[in-house]
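Please brief me on this protein chain.

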Amino acid sequence: MPAAPLPRKIWPAFTSDYLGEDYTWFFDDWIYNRSYPRYHATFYNSGGVTYVQLEQSQADFFRGYISLEFSDGIETEMVRVFQSFNGEVFELNLGFAPDDLRVDPNKDLLREVSTVIYDSIDNNPLTTFRIINNRPNPF
């Protein structure tokens, strides 16, 4: 006879106990929340470092990993970052100065990405983009 499934309210405690750290935030953000993340990103290069700021425009903030793919037309680098708070800035040493950024390029988390435009002349991003969630699992 198969085991009975755990009741919905038991999963956060079970997962936290199993992983050895509190994952209540994951269930609150990605499972029980009826919203979805809408990302805006800006990036620029300075002194051999690429700076990326990720912002979410919806009311409820979603913590979690997001993949970022950078390219300069010759080299491409994929990194995963964990966004802990809204407006967080990431400093990345990629080994090249990218002029293109794709957020969640494999669509593991999100379904739709608008265009990212980057001003390579004076390192000022010209626009931001909006991303709509594809499924609730950020991992």
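**Overall picture**

Of the 139 residues of the protein chain, 39% count as buried. Buried means under 20% relative accessible area, exposed means over 50%, and partly exposed lies in between (1.4 Å probe, protein chains only). This is a predicted model: local features need pLDDT of at least 70, side-chain atom pairs count only at pLDDT 80 or more, and totals for chains, interfaces and linings use all residues. Residues are numbered from 1 along each chain as its sequence is written, and side-chain values use heavy atoms, with hydrogens and water left out.

**Make-up of the chain**

- The protein chain has two helices and ten strands. Helices (H or I, at least four residues) and strands (E, at least two) are DSSP runs, numbered from the N terminus.
- Starting at the N terminus, the order of elements is α-α-β-β-β-β-β-β-β-β-β-β.
- The protein chain exposes about 8400 Å². Carbon and sulfur atoms supply 49% of that area. Accessible areas come from the Shrake-Rupley method with a 1.4 Å probe; for residues, only the protein chains shown count as cover.
- Take the contacts with a separation of 6 or more: residues 24 or more positions apart account for 56% of them. Contact means heavy atoms within 4.5 Å.

**How the strands pair**

- Two strands pair if DSSP finds at least two bridges between them.
- Strand 1 and strand 2 are antiparallel, with eight bridges. Tyr44 stands opposite Tyr51 of strand 2.
- The hairpin of strand 1 and strand 2 has two residues between the strands. Gly47 takes a positive phi near 60° there.
- Strand 2 also pairs with strand 5, in the antiparallel sense, over five bridges. Thr50 has Leu92 of strand 5 as its bridge partner.
- Six of the eight residues of strand 2 are buried, so this strand is largely enclosed by the rest of the structure.
- Strand 3 and strand 4 run antiparallel and are joined by eight bridges. Leu68 stands opposite Val79 in strand 4.
- Strand 3 and strand 4 form a hairpin with four residues between them. In the turn, Gly73 has a positive phi of about 95°.
- In a regular strand, side chains alternate between the two faces of the sheet.

**The nonpolar core**

- A nonpolar core is a set of buried Ala, Val, Leu, Ile, Met, Phe, Trp, Tyr and Cys residues joined through side-chain atoms within 4.5 Å.
- The largest nonpolar core has 17 residues. Val52, Leu54, Ile66, Leu68, Phe70, Leu92 and Leu101 touch the most other members.
- The elements that give two or more residues to this core are strand 1 (39-46), strand 2 (49-56), strand 3 (64-71), strand 4 (76-83), strand 5 (88-92) and strand 6 (100-103).
- What does Leu68 touch, not counting residues up to four places away in sequence? Its contacts are Val52, Glu77, Met78, Val79, Val81, Leu101, Arg102 and Val103.
- Ile66 is found in strand 3. Ile66 is buried, with a relative accessible area of 2%.
- Ile66 and Val81 are 15 residues apart along the chain, and their C-alpha atoms are separated by 5.6 Å.

**The salt bridge**

- A salt bridge is a side-chain nitrogen of Lys or Arg within 4 Å of a carboxyl oxygen of Asp or Glu. By this rule the count comes to one.
- Arg102 forms a salt bridge with Glu69, and the closest N and O atoms are 2.9 Å apart.
- The pair links distant parts of the chain: Arg102 lies in strand 6 and Glu69 in strand 3, 33 residues apart.
- Buried or partly exposed? Arg102 is partly exposed, at 39% relative accessible area. Glu69 counts as buried, at 17%.

- Ile10, Trp11, Phe14, Tyr18 and Leu19 form a nonpolar patch on the surface, with about 530 Å² of accessible area together.
- Patches are made of residues with over 30% relative accessible area and no salt bridge; like charges are joined within 9 Å, and nonpolar side chains (Val, Leu, Ile, Met, Phe, Trp, Tyr) within 5 Å.
- Leu19 sits in helix 1 (residues 11-19). Leu19 is partly exposed, with a relative accessible area of 43%.
- Ser16 is also placed in helix 1. Ser16 counts as buried, at 11% relative accessibility.
- Not counting residues up to four places away in sequence, Ser16 touches Glu21, Asp22, Tyr23 and Thr24.

- Asp104 has a positive phi of about 50° although it is not a glycine.
- Asp104 lies in the loop between strand 6 and strand 7 (110-113). Asp104 is buried, with a relative accessible area of 3%.
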